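User: Please go through this structure with me. I would like to know how each label is reached.

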Amino acid sequence: MAASMGWLRCVPHRLMLLVLALPACAEASSKPEQLHIAFAGRDASGAPTGMRVAWFTHDRPAASSLVKYGLKSRALDKTVPEEGSPREYIKGFGFHHVAPLLGLKPDTRYYYAVGNDEDGWSDEWSFTTAPSGRAAARRKISVSVFGDMGWEDSAQRPMEIHVDGLVRNWSATVTRRRLEAMKGSFDMVWHLGDIAYADDAFAHKLLGFTYEECYNGWMNWMQNLSATMPYMVSVGNHESECHSAACYVSERGTALKNFTAYNARWHMPSAESSGVMSMWYSWNYGPVHFVSVNTETDFPNAEEKDTGDSHSRRFPAGHFAPDGAYLKWLEADLKAASEARKAGKGPRWIVAGGHRPYGDITKEHVPLFEKYGVDLYVAGHGHAYVRGTPVNGTTYVMVGGAGCDEMAAPSGLNDTCSYSDGACSGMFAPGFAVAHGSEVYQTSRFATGILQADHHSLSWELVDSETGKVLDSTSIGSPMTAFV
């Protein structure tokens, strides 16, 4: 949820100067790491035609970087050059690369590696492309959905301070292990913002600049998932800026303002969907039209519409498009998806997702969800899980309990309840997580969601990260004729 720079008032001026005096240490290497992929391209049926492959090198490679790929392992007979020049958004802290693989065969496994002969190649990875046309409409898909996931845990990265929402005892390792155990049971990941909590990295090491160390560590930690299946992301408030003293009193804070690291590292299909950067976009996968909404900027009530998460005027934010453009895009996208569904020419289901839950989007977003028949809205931000019954046709779920620096480890006592038993006390203000009065189930357990869809049904489960037990499940929407 929200973070602030209030803790800086307690830091002596001399300590700030010491923070800045510490050298920036980065490993020297041009070998690719932190590989991650996302859907790319769009065919006549609206299905993705390939993947964008992104990666990181500590040094600028001596030669141009490539993606080599093919249909057989160790027989990578095709190449695509990286797109443009590698991006270095903070001098001395590495280079970010991306290359689009387009025009691939649908529903086909491809093998790939990135790099070049002079600097070295990554390991070989593989992915499966999206189905297209009638095959997409009939395909059953499974998606891992969650928000608010930090890097490792408080045992591996002890907290030096725990104020302003930061907690002493926390873990993201529990969820990371569960995701690895479940790998193979889902086809795609959708991370609903607050990725890695690099802006909270100062709490683990007050002296020095650790934002990039944390983000890089998290990306490598997740690579076994993100390099093998589409890892789709939505923007959250913890992507907006850096909160350490080293950022607040140096040019690094300016370099990291306004979601810079997020947009440099992640490459979502915004061009294909007329979206903007990775701030808002949409894509089709199987029988679902997915919409990644922007809950942070570019609408009148957005929390970061003018400044970042700290609301310091030194770090302006937002204004990624002209005033009103984002909401016009959202309505046009939802309208097109709704009309295609009614005409039998588009995906059966419409699922929207973003970082902030129901209570923060009621004025601008919810009326559009109702108008165009959004079946499900998923969000994070609150570090727990709450599900509601459908409201005017849309089911709202907050699934922000993957584990992070601001989510205390559950005690095991009274951490789960069902509203049907009448003894459930709300963890959040009424109407924050889901519509007031619609609440069905809540838990503060570390957990992630699984969304499953085919042309007959849309279903949802919540999986306990520690035990693997299904804590909550529901069937969403009512069957109707699917397009064939």
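**Labels and the values behind them**

User: Which residues does threonine 228 touch?
Analyst: Threonine 228 touches Ile37, Trp125, Ser126, Phe127 and Lys183, when residues up to four places away in sequence are not counted. Contact means heavy atoms within 4.5 Å. The model is predicted, with local features needing pLDDT of at least 70, side-chain atom pairs 80 or more, and totals for chains, interfaces and linings using all residues. Numbering starts from 1 along each chain, and side-chain values use heavy atoms, without hydrogens or water.

User: Why is threonine 228 called buried?
Analyst: Its relative accessibility is 17%, and buried means under 20% (exposed is over 50%, partly exposed in between; 1.4 Å probe, protein chains only). Threonine 228 therefore counts as buried. The residue is found in the loop between α4 and β13 (231–233); helices (H or I) are DSSP runs of at least four residues and strands (E) of at least two.

User: Which backbone oxygens lie by the side chain of threonine 228, and at what distances?
Analyst: A polar atom of the threonine 228 side chain lies 3.2 Å from the backbone oxygen of asparagine 224. The backbone oxygen of leucine 225 is 3.0 Å from a polar atom of that side chain.

User: Is glutamate 272 buried or exposed, and how do you know?
Analyst: Glutamate 272 has 19% relative accessibility, so the residue counts as buried. Its place is the loop between α7 (260–265) and β14 (281–285). Leaving out residues up to four places away in sequence, glutamate 272 touches Ala40, Gly41, Arg42 and Arg52.

User: What joins the side chains of glutamate 272 and arginine 52?
Analyst: A polar contact of 2.9 Å joins them.

User: Which residues touch the most other members of the largest nonpolar core?
Analyst: They are Tyr112, Trp190, Trp218, Trp266, Phe290 and Trp460, in a core of 131 residues. Helix α4 (residues 211–226) gives the most to this core, with eight residues. A second, separate core has five residues, including Val174, Tyr197, Cys404 and Phe446. A core joins buried Ala, Val, Leu, Ile, Met, Phe, Trp, Tyr and Cys through side-chain atoms within 4.5 Å.

User: Which residues are in contact with tryptophan 266?
Analyst: Beyond neighbours within four places in sequence, tryptophan 266 is in contact with His36, Ile195, Tyr215, Trp218, Met219, Tyr231, Val233 and Ser278.

User: What makes phenylalanine 93 and phenylalanine 209 an edge-to-face pair?
Analyst: Their ring centres are 5.1 Å apart and their planes stand at 80°, so the pair is edge-to-face. Rings pair with centres within 6.5 Å; planes under 30 degrees apart are stacked, over 60 edge-to-face, the rest tilted. Both phenylalanine 93 and phenylalanine 209 are buried. The two residues, 116 apart, link distant parts of the chain. The whole structure has 23 aromatic pairs, and ring pairs also link Tyr69, Tyr110, Tyr112 and Phe127 into a cluster.

User: Where is pLDDT under 50?
Analyst: Residues 9–26 stay under 50, with 19 contacts in the model beyond four places in sequence. Residues 479–484 are also below 50. The scale, the predictor's confidence in each residue, runs from 0 to 100; the chain averages 92, and 91% of the residues score at least 70. Where pLDDT is low, the predicted coordinates should not be read in detail.

Methods
Polar contact = N/O pair within 3.5 Å; in protein donor to acceptor, adjacent residues only side chain to side chain. Phe/Tyr/Trp six-rings, centres within 6.5 Å; stacked < 30°, edge-to-face > 60°.
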